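Welcome to this short tour. Open your viewer, have your selection tool ready, and follow along one stop at a time.

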Amino acid sequence: ASTNDMQAGGITVQGRVDFSDFEFKSISAYRGFNQAYSNDNRFRSDQAYAGSNYTADDKTFTQEFQLTGSLFNDRVTFVSGLFYLNSLTHSTINQPASAGNPTWYTRQLATSEAAYVDATVDLFAGLSLSGGLRYTHDEKEAEQARRSTTTNFRGEGKESWSDTSPRVSLDWKINDDLLAYISWGKGFKGGALNTNE
């Protein structure tokens, strides 16, 4: 029979310090899960056992420091911060009925670091200009090994990606029910390492 058991949990801690025109905030979070899965693959009563056992363990930690505030009698408002992520995953797949009784081991580590700032300036009644900038550096590394009674191998890879993403917009609040705006921005998504081949 097939089984699937997962345990997951996490915690988030926030701290805040208020000043006259500024606010400093710290956000710390941890998430993790453990999973055990088995599948016997017996789709017909005469089919021999050809299943697999899978276990996985994941731990993810994030930390963000954020500073928000206003300047020049609230004509300028801003948000800025630093962000960090560390995610580590281990997984094992065992196929006891396959030739050589192979076991696959996979380890993946992902880290991300970012710094950002975004500000809005009230030019005059109803018209405001906003702009922001975010720098991101992502890094991923993966390791995979296969062990069996007939063959053994191990492979690993590492790659990183960096980008600076700008944003700018002009908003015009014509009245309480009507807003016109023009906006331009650039997004970023880091790459991935494939461990499924």
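This is a predicted model: local features need pLDDT of at least 70, side-chain atom pairs count only at pLDDT 80 or more; totals for chains, interfaces and linings use all residues.

**Stop 1: the whole chain**

Colour the chain by pLDDT. The mean for the protein chain is 88, and 90% of the residues reach 70 or more. Now select residues 44-49, where the pLDDT is below 50; this stretch has five contacts in the model beyond near neighbours in sequence.

**Stop 2: the sheet**

Switch to a cartoon view. In what order do the eight strands of the open sheet come? The order is S1-S2-S3-S4-S5-S6-S7-S8, with antiparallel pairing. Select strand S1 (3-18) and strand S8 (178-185) to see the edge strands, each of which pairs on one side only. From one strand to the next, the twist averages 10°. As background, strands of a sheet pair through backbone hydrogen bonds, either parallel or antiparallel.

**Stop 3**

S3 and S4 run antiparallel and are joined by 19 bridges. Pick Leu71 and you will find Val76 of S4 standing opposite.

Move on to strand S4 (residues 76-94) and strand S5 (residues 103-124), an antiparallel pair joined by 19 bridges. Select Phe78 here: its bridge partner in S5 is Ala119.

Zoom in on the hairpin of S5 and S6, where two residues lie between the strands and Gly126 takes a positive phi near 90°.

**Stop 4: aromatic pairs**

How many aromatic pairs does the structure hold? There are three, and we will visit two of them here. A pair of aromatic rings is described by the distance of the centres and the angle of the planes.

Show the side chains of Phe22 and Phe78. Their ring centres are 6.0 Å apart and their planes meet at 55°, so this pair is tilted. Because Phe22 belongs to strand S2 (residues 22-39) and Phe78 to strand S4, the pair ties together parts that are 56 residues apart in sequence. Is Phe22 buried, exposed or partly exposed? Its relative accessible area is 30%, so Phe22 is partly exposed. Phe78, at 16%, is buried.

Now select Phe24 and Phe65. The centres of these rings are 6.0 Å apart with the planes at 15°, so the pair is stacked. Phe24 lies in strand S2 and Phe65 in strand S3, so parts 41 residues apart in sequence are tied together. Phe24 is partly exposed with a relative accessible area of 32%, and Phe65 counts as partly exposed at 36%.

**Stop 5: Gln66**

For the last stop, select Gln66 in strand S3 (residues 52-71). Is Gln66 buried or exposed? With a relative accessible area of 19%, Gln66 is buried. Show the side chain of Tyr116 as well: a polar contact of 3.2 Å joins it to the side chain of Gln66. Leaving aside neighbours within four places in sequence, Gln66 is in contact with Glu23, Phe24, Lys25, Val79, Ser80, Gly81 and Tyr116.

Notes:
Residues are numbered from 1 along each chain as its sequence is written. Side-chain values use heavy atoms; hydrogens and water are left out. Helices (H or I, at least four residues) and strands (E, at least two) are DSSP runs, numbered from the N terminus. Buried means under 20% relative accessible area, exposed over 50%, partly exposed in between (1.4 Å probe, protein chains only). A polar contact is a pair of N or O atoms within 3.5 Å; within protein, one must be able to donate a hydrogen and the other to accept it, and residues adjacent in sequence count only if both atoms are side-chain atoms. Contact means heavy atoms within 4.5 Å. Two strands pair if DSSP finds at least two bridges between them. Rings of Phe, Tyr and Trp (its six-membered ring) pair if their centres lie within 6.5 Å; planes under 30 degrees apart count as stacked, over 60 as edge-to-face and the rest as tilted. pLDDT is the predictor's confidence in each residue, from 0 to 100. Axes are lines fitted to C-alpha atoms, for helices over the stretch in contact, and angles run from 0 to 180 degrees between N-to-C directions.
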